[in-house]
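Here is a short briefing on one protein model. Keep the sequence and the 3D view open while you read.

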Amino acid sequence: PPSSSSGHDTTAINNNQQEERTRYLSFEPDCGGWNNIRMEFEIMVVLASATNRTLILPPDNPLYLLYRDKSNKHRGIQKFFQGFDDIVTIISTEDFVQKEMIRNKN
């Protein structure tokens with residue numbers, strides 16, 4: 001079988017038989033003001049789209065200056081932005097952990 005200079009079998013790679021796997025991009029929102037968070041999110045959407053990765057949305061957390069609303073202290077990015085899921089595939093942190101870490105562990 002064909003081999004690379006390292007001696008590994010490259011038949012699967014050469015024949016495109018390698019299993020297609022989902023690639024991900026995760027991020028942690030900036031601890032700064034709302035515009036920093038918004039701009040970071042916009043950049044992550046563009047980067048995930050350009051690299052054909054699924055964007056992992058961070059879990060709901062208190063956001064700077066938005067945590068004062070005691071009735072809704074924990075907020076997620078997805079509560080502020082709609083319509084970006086037609087640009088990039090998204091997954092929640094919880095779903096990512098369930099899909100990639102717990103199920104694939106077995």
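## Overview

Of the 106 residues in the protein chain, 24% count as buried. Buried means under 20% relative accessible area, exposed means over 50%, and partly exposed lies in between, using a 1.4 Å probe and protein chains only. This is a predicted model: local features need pLDDT of at least 70, side-chain atom pairs count only at pLDDT 80 or more, and totals for chains, interfaces and linings use all residues. Residues are numbered from 1 along each chain as its sequence is written, and side-chain values use heavy atoms, with hydrogens and water left out.

**Fold**

- The protein chain has three helices and three strands. Helices (H or I, at least four residues) and strands (E, at least two) are DSSP runs, numbered from the N terminus.
- Read from the N terminus, the order of elements is α-β-α-β-β-α.
- Among contacts between residues at least 6 apart in sequence, 55% join residues at least 24 apart. Contact means heavy atoms within 4.5 Å.

**Strands and their pairing**

- S1 (residues 24-26) pairs with S2 in the parallel sense, over three bridges. Two strands pair if DSSP finds at least two bridges between them.
- Tyr24 stands opposite Thr54 in S2.
- The chain passes from S1 through H2 to S2, and this β-α-β crossover is right-handed. Right-handed means that, with the strands pointing away from the viewer, the path from the first strand over the helix to the second runs clockwise.
- S2 is also joined to S3 (residues 90-92) by three bridges, and these two strands run parallel. Here Leu55 stands opposite Ile90 in S3.
- Which residues of S2 point one way, and which the other? Thr54 and Ile56 point one way from S2 (residues 54-57), Leu55 and Leu57 the other way, and all are buried.
- In a regular strand the side chains alternate between the two faces of the sheet.
- Thr54 has a relative accessibility of 10%, so this residue counts as buried.
- Leaving aside neighbours within four places in sequence, Thr54 is in contact with Thr22, Arg23, Tyr24, Leu25, Thr89, Ile90 and Ile91.

**Nonpolar core**

- The largest nonpolar core has twelve residues: Leu25, Phe27, Ile37, Phe41, Met44, Val45, Ala48, Leu55, Leu57, Ile77, Phe84 and Val88. Such a core is a set of buried Ala, Val, Leu, Ile, Met, Phe, Trp, Tyr and Cys residues joined through side-chain atoms within 4.5 Å.
- H2 and S2 are the elements that give two or more residues to this core. The largest share, five residues, comes from H2.
- Ala48 is in contact with Leu25, Arg53, Leu55 and Val88, leaving aside neighbours within four places in sequence.

- How many salt bridges does the structure hold? The structure holds one salt bridge. The term means a side-chain nitrogen of Lys or Arg within 4 Å of a carboxyl oxygen of Asp or Glu.
- Glu42 forms a salt bridge with Arg38, and the closest N and O atoms are 3.0 Å apart.
- Glu42 and Arg38 are four residues apart in helix H2, so about one helical turn separates them.
- Glu42 is partly exposed, at 37% relative accessible area. Arg38 is partly exposed too, at 25%.
- Glu40 lies in H2 (residues 34-50). Glu40 is buried yet has no salt bridge.
- For Glu40, the nearest side chain of opposite charge is Arg38, 11 Å away. Lys and Arg count as positive, Asp and Glu as negative; His and the chain ends are not counted.
- Not counting residues up to four places away in sequence, Glu40 touches Phe27, Glu28, Pro29 and Asp30.

**Loops and distances**

- Asn52 lies in the loop between H2 and S2. Phi of Asn52 is near 55 degrees, a positive value in a residue other than glycine.
- Asn52 has 68% relative accessibility, so this residue counts as exposed.
- Asn61 lies in the loop between S2 and S3 and is partly exposed, at 37% relative accessible area.
- Asn61 and Pro29 are 32 residues apart in sequence and 9.4 Å apart in space, C-alpha to C-alpha.
- Met39 lies in H2 and counts as partly exposed, at 39% relative accessibility.
- Met39 and Pro29 are ten residues apart in sequence, with 10.0 Å between them in space, C-alpha to C-alpha.
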